Structures are given as structure tokens and as C-alpha cells.
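Thanks for coming. Please have a look at the model on the screen before I start.

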Amino acid sequence: MTADTIKKLVTIITELSLETTLIREIEQCGATGYTITNARGKGSRGERDAEWDADRNIRVEIVCNAKVAEAINYMLQEKYYDHFAMVSFTQDVSVLRANKF
Amino acid sequence: MLDPIILFFIFGIAAGLLRSELRLPSQVYDFVSMLLLLTIGLKGGLELSKQEFSTIAPQMFAVFVVGLILPLFAYPILKIWGGFKRADAASIAAHYGSVSVGTYAVAVSYMASLNIHFEEHLPILLVVLEIPAIIVGILLAKGLSNGTNWKVVSHEIFAGKGIVLLIGGLLIGWFSGVEGIKTIEPLFFDLFKGILALFLLEMGLISASKISSLKQYGLFLVIFAITMPLLSALIGISMGLMFGFSIGGTAVLATLIASASYIAVPAAMRISVPEANPTLSLTASLGITFPFNILIGIPLYHQMAIKAHQIIGG
């Protein structure tokens, strides 16, 4: 594993209703791509059981470089943490074809 | 005798309260609600193809104004008497100014099962009534100079699934006309009640899940969620009389105005007034007002419409 194959994986779990605006902002932070899946669970804002549109969660995963990851985390903190059900975490990942990201 | 679709709704509530594992797969629910929205749109469009637009336009305008006024009326009640925060009061007010297509569908089915005639162009008024309360709600929460991104908000409103399907159905119905629509009638019109039954089963399950979170929010929300539709229904009845609607049409219009949104408004409010607690407004509109309108409201508004017509008609 060489240093340049190491990238950041940012994972955000949040409300479905945010999808469109959040993705736009993530791209503005410099991310070149992302993966979205549906998610369910429970947290400080109660059970998000996906029974109703307002209770649906998504999980957004972004592989990017450290600078973009930092920009995304800053943006989340500034704009979303206060009012939305949101969890995010960042980890190092080793990726194939690292030049893609 | 109770209409079987109402029994489906009660069945859903009972299963939900018993914490049954039962639920409609979300794709099936999406499909069922899509069919309902399209059918209601198509019916309105068919009627539009028979009528002069100029006779409907004043009604559309009047309904639009009511959509602006209802949240302005609800907001101070929620804020002063209910003691809700500004954002919460504005958001709940917006829910009650807008409409519920599900409630409308049940009213249509109620009239059909009693063979009562009603004005078929009501879906057009439904579309008009969806929107103004959202705008008023946002303004109430944030004031005029607030940096609301209206571009994003209007996209959320007009590109939302409900409005797109209703307007799409309206246009298709309008262009096709009665003859043209015959080929798709079996799916959209003949199956309407069966589809509505499935929809109400799921709505019962969802209502039950909201009812269980009621305890947290106290008595005021319950009283508001029952009183507000009753007052709105009175406005609806007077408008029906003003438009010269039949008894059926007056009752359906009253139901429409008495109903509270649970799809379009929550989505728009979440984006534009994020500090409002979405559980509050959904608990009120889905946990109380929707079941109230389905089980008690519609027959009651029908009786009110009969009385009103008797009084006016002499």
C-alpha cells in the first residue's frame, strides 16, 4: 500500500429530505462522486424507521482526498448539524485506481 | 353500514396499535399512492375538458385566497394559546392550510358509494389549495427578509411527487377527453376503491405509529387537530354555497379545506424551516386529523352541507 492509494471515506447518515440539497453542496466541496443507499436506525432524534417519507434516512458515502473531506465536514457542521438528524464520520481507506478520486 | 375501505383503515390502526409486523412494502405504497394521485388528476382533467375554464377561474382564485388565510388564522392560535415556538407554530399552520389528497379520495369514494353527485372539477381546486399555505408558513417562520432560497423551495413544491402526478393526470385527462380515456379506465377508475383500500390500510398503520407519540405533545395539540378541521369545514361549506355547488360538492370542498397535508408540506418545511420539529406537525396531521376526518369528519361535513343547503334553500 503506497501513500497515494490512501484516501478518505466520508460517510453521512441523514434525512432523505436533504438528499438533493446535500448532494449539491457535497459536489461544490469538490467531491467527484458519491454513493447513496437507504438506511434505517435509531439515534438522538428517535427511531427513523423509514415508514414515512419524513422518517426515511439515507447513507451517503464519498471517497475523496483529505482536503475535500475536510471541506465537507466543515460544511455539514455549519449548515446541517443544528437542525437535522445527521451522523457523519471519516476514515482512511485504501483504494484501487486512486487517481479516480 | 360502514364502507369496507373505512374498515381497512380501522384494521390498519388496530394492527399498528397491536405492534403487528404488518406493513405495505414501500414500493407498493409508492405505487398505490401514485395511482390515486393520477386517478384524481385524470378525473379533474376530464371535467376540465367539458367545462369552460372561465367558470372555474374565479373559484380557483377564491380557493387560493383561502389557502393564504387559513395558516394566518391558525398561527396565532398555536403560538399564543398553544405556546409553540415560532417555527413550530408556522409549520403546523402550513400543514393545516394545505390539503390531503388521501382524505379527498375517501370523500370521493364516500359520495360515490351513496350515489351523491358532486362537482368533478374539485381536483383542480385541490392542486391550487396545496401551494399557498406553504409560502405563508415559510414567511410566518422566517419573515420577509430572511435569505430563504426560494428557488430551492419552489422546486421542492412544484417538483414534488404529489403536484407533478396531479398536474400530469389533469393534463392527460384534459387532452384525452371522455372517449380517449376509455382504454385506461379499468386500471385507474375501476380499481379505484381497491387501491384506496390498500392505501388506507397503510395509512392506518402509519397513523397508529403517530398516535403512540401523542403522549409527548399534550392535550392542546389534540384539541387543535380536531377543532381546526371543524372550523375549516365551516369555511368550506360557505364557499361551496357561494360557488353554487351541489350538496355533495359542498361536502367534498369542506372536506378538502378541513384536511391537513402530510406529504407536500412536511417535505417543503423540512427544507425551508429546518428548526421546526417535524414530529409535531406530522403527529397532529397524521395521528389525529387524518383519522378524525376519515372516521367522523366526512359524514359530519356531509350532514353540515345538507343543513346549510336547507337553510339557504329555505
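First, the conventions. This is a predicted model, in which local features need pLDDT of at least 70, side-chain atom pairs count only at pLDDT 80 or more, and totals for chains, interfaces and linings use all residues. Residues are numbered from 1 along each chain as its sequence is written, while chains are lettered from A and ligands numbered from 1 in the order in which they are written.

Chain A has two helices and six strands. Both kinds of element are DSSP runs numbered from the N terminus, helices being H or I with at least four residues and strands being E with at least two. Starting at the N terminus, the order in chain A is β-α-β-β-β-β-α-β.

How are the strands arranged? Four strands of chain A make an open sheet, in the order 2-5-1-6, with antiparallel pairing. Two strands count as paired if DSSP finds at least two bridges between them. At the edges of the sheet stand strand 2 (35-39) and strand 6 (86-94) of chain A; each has a single partner strand, so one side of each has no neighbour in the sheet. On average, neighbouring strands of this sheet are turned by 20° against each other, direction ignored. That angle is taken between axes, which are lines fitted to C-alpha atoms, for helices over the stretch in contact; angles run from 0 to 180 degrees between N-to-C directions.

Strand 2 of chain A is joined to strand 5 (residues 57-64) of chain A by five bridges, and the two run antiparallel. There, A:Asn38 has A:Ile58 of strand 5 as its bridge partner. A residue is buried if 20 or more other C-beta atoms, placed from the backbone, lie within 10 Å of its own, exposed if 12 or fewer, and partly exposed in between. Of the five residues of strand 2 of chain A, zero are buried, so the strand lies largely in the open. Of the 101 residues of chain A, 27% are buried.

A:Asp92 has 10 C-beta neighbours inside 10 Å and so counts as exposed. Leaving out residues up to four places away in sequence, A:Asp92 touches A:Ile6 and A:Lys8; contact means C-beta atoms, placed from the backbone, within 7 Å.

Now the two chains together: 10 residues of chain A are in contact with 14 residues of chain B.

In chain B, the axes of helix 3 (residues 53-81) and helix 6 (residues 122-130) come within 8 Å and cross at roughly 35°. The contact involves, among others, B:Ile56 and B:Phe64 of helix 3 and B:Leu125 of helix 6.

Last, is helix 14 (residues 264-272) of chain B buried or exposed? Nine of its nine residues are buried, so helix 14 of chain B is largely enclosed by the rest of the structure. Those buried residues include B:Pro266 and B:Arg270.
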